[in-house]
Amino acid sequence: MSTPLADTTNPDLGLLYAVNGLAKRSPQWLDHLVSWIGEYGILIGLAMLGLVAWLQARRRPDAPVAVAGLLWVPLSVAIAELANLPIAAIVDRPRPFVDHPGLLVLVDGKAGTHSFVSDHSTMTMGVAVALFLVNRRLGWIAGGLALLQGFCRMFMGVHYPTDVIGGFALAAAVVLLLAPIAMAVLVPLCHALSRTAVAPLIRAAERGGSAAPRGRRRGRERGAVRSEEQPPESDLAA
């Protein structure tokens, strides 16, 4: 038996009907496109952003710290998804089309699954917040994709607006609250790995074949490195 959360407030249901109503008025090809984007496309796009962030992080003077921050991206998403399992079971909110058959549902296989909180929204916002801690520019792009993800889930008729907001909140809380603990473990790990055979995964090699950070190489050549060329390790975002 579902909890009272299944009895949505008017603003929640009204916004869902407004967004899902766009699907009813859209051509079929657009519905299929939005469904693919909302189910797979945005997740693929975020994976590509993560790859770009890794390639850039390896070239930073604080490469081990930046790469450690990127390792926190998938780990935080996994933790948020695990945290969502008991939340979904306790709330036990059915999909919106169960109680509101007038909605247009654009994806199959969602019947019998929980609606609160949205897994897709949790994943995308988790990536966005964790990526923002390392690279602000890419983090903003990921944040835009996360918002688009939430819109798509409502457009597809598989989530209430509060499902999306709940996913965003859960992801942000997990990423920000646990980041200090995670970095305390991941930063020493990446520093240690940078001195092993997997160093190219942590730090990009210089043209001469050395994996030494550029800031350190300039320091040897010029005698010193300006402080702004080596950002403090506590500030990961570029």
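**Legends to the close-up views**

View 1. Of the contacts (heavy atoms within 4.5 Å) in the protein chain between residues at least 6 apart in sequence, 78% join residues at least 24 apart. The model is predicted, so that local features need pLDDT of at least 70 and side-chain atom pairs count only at pLDDT 80 or more, whereas totals for chains, interfaces and linings use all residues. Residues are numbered from 1 along each chain as its sequence is written, and side-chain values use heavy atoms, with hydrogens and water left out. The protein chain holds 9 helices and 0 strands, taken as DSSP runs (helices H or I, at least four residues; strands E, at least two) and numbered from the N terminus.

**View 2. Lining of the largest pocket.** A pocket is an open set of points on a 1 Å grid over the protein atoms alone, where a 1.4 Å probe fits, with protein on both sides within 12 Å along at least five of seven lines, and its lining residues have an atom within 4 Å of a point. The lining of the largest pocket comprises 19 residues, of which Gly50, Leu51, Leu70, Leu71 and Val73 lie nearest its centre, and α2 supplies the largest share, 7 residues.
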